Amino acid sequence: MKLKDAEVGKTYVVTKITGKGPLKRRIMDMGITKRTTLYVRKFAPLGDPIQITVRGYELSLRKADAELVEVEEADENSAGGEQ
């Protein structure tokens with residue numbers, strides 16, 4: 001599933017970043033890398049941007065960027081993983 005389709009209040013694990021070049025690098029520089037755990041805090045009233053918690057800090061991500069991040073819902077074992 002894409003991060004832009006994630007549900008508020010759930011924890012996810014990044015499985016893949018599909019962007020290329022500078023866009024992929026920018027997403028990775030924000031701390032969103034493969035196997036990183038992130039928590040979806042809220043969506044803006046019009047749906048853009050998405051606010052997430054990743055590696056202990058708050059991050060707002062545009063839906064266009066969230067489209068490039070593939071995630072899967074975290075289970076109890078992976079929720080304590082890399083943050």
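Mentor: Happy to! Let's start at a turn: in the hairpin of E2 and E3, with six residues between the strands, Gly-47 adopts a positive phi near 90°. Before we go on, this is a predicted model, where local features need pLDDT of at least 70, side-chain atom pairs count only at pLDDT 80 or more, and totals for chains, interfaces and linings use all residues. Residues are numbered from 1 along each chain as its sequence is written, and side-chain values use heavy atoms, leaving out hydrogens and water.

Strands here are DSSP runs (E, at least two residues) numbered from the N terminus, and two of them pair if DSSP finds at least two bridges between them.

Val-13 stands opposite Thr-37 in E2. E1 also pairs with E5 (residues 69–73), again antiparallel, over five bridges, and there Tyr-12 has Glu-73 as its bridge partner.

Put together, the five strands make an open sheet in the order E4-E3-E2-E1-E5, with antiparallel pairing. E4 (57–61) and E5 stand at the edges with a single partner strand each, so one side of each has no neighbour in the sheet. From one strand to the next the twist averages 40°, taking axes as lines fitted to C-alpha atoms and angles from 0 to 180 degrees between N-to-C directions.

Finally, zoom in on Val-14, which is found in strand E1. Val-14 is buried, with a relative accessible area of 1%; buried means under 20%, exposed over 50% and partly exposed in between, using a 1.4 Å probe and protein chains only. Leaving aside residues up to four places away in sequence, Val-14 touches several others, among them Ile-32, Leu-38, Val-69 and Val-71, where contact means heavy atoms within 4.5 Å. Arg-35 is another of its contacts: Val-14 and Arg-35 lie 21 residues apart in sequence, yet their C-alpha atoms are 5.0 Å apart in space.

Key:
Helix = DSSP H or I, 4+ residues; strand = E, 2+ residues; numbered from the N terminus.
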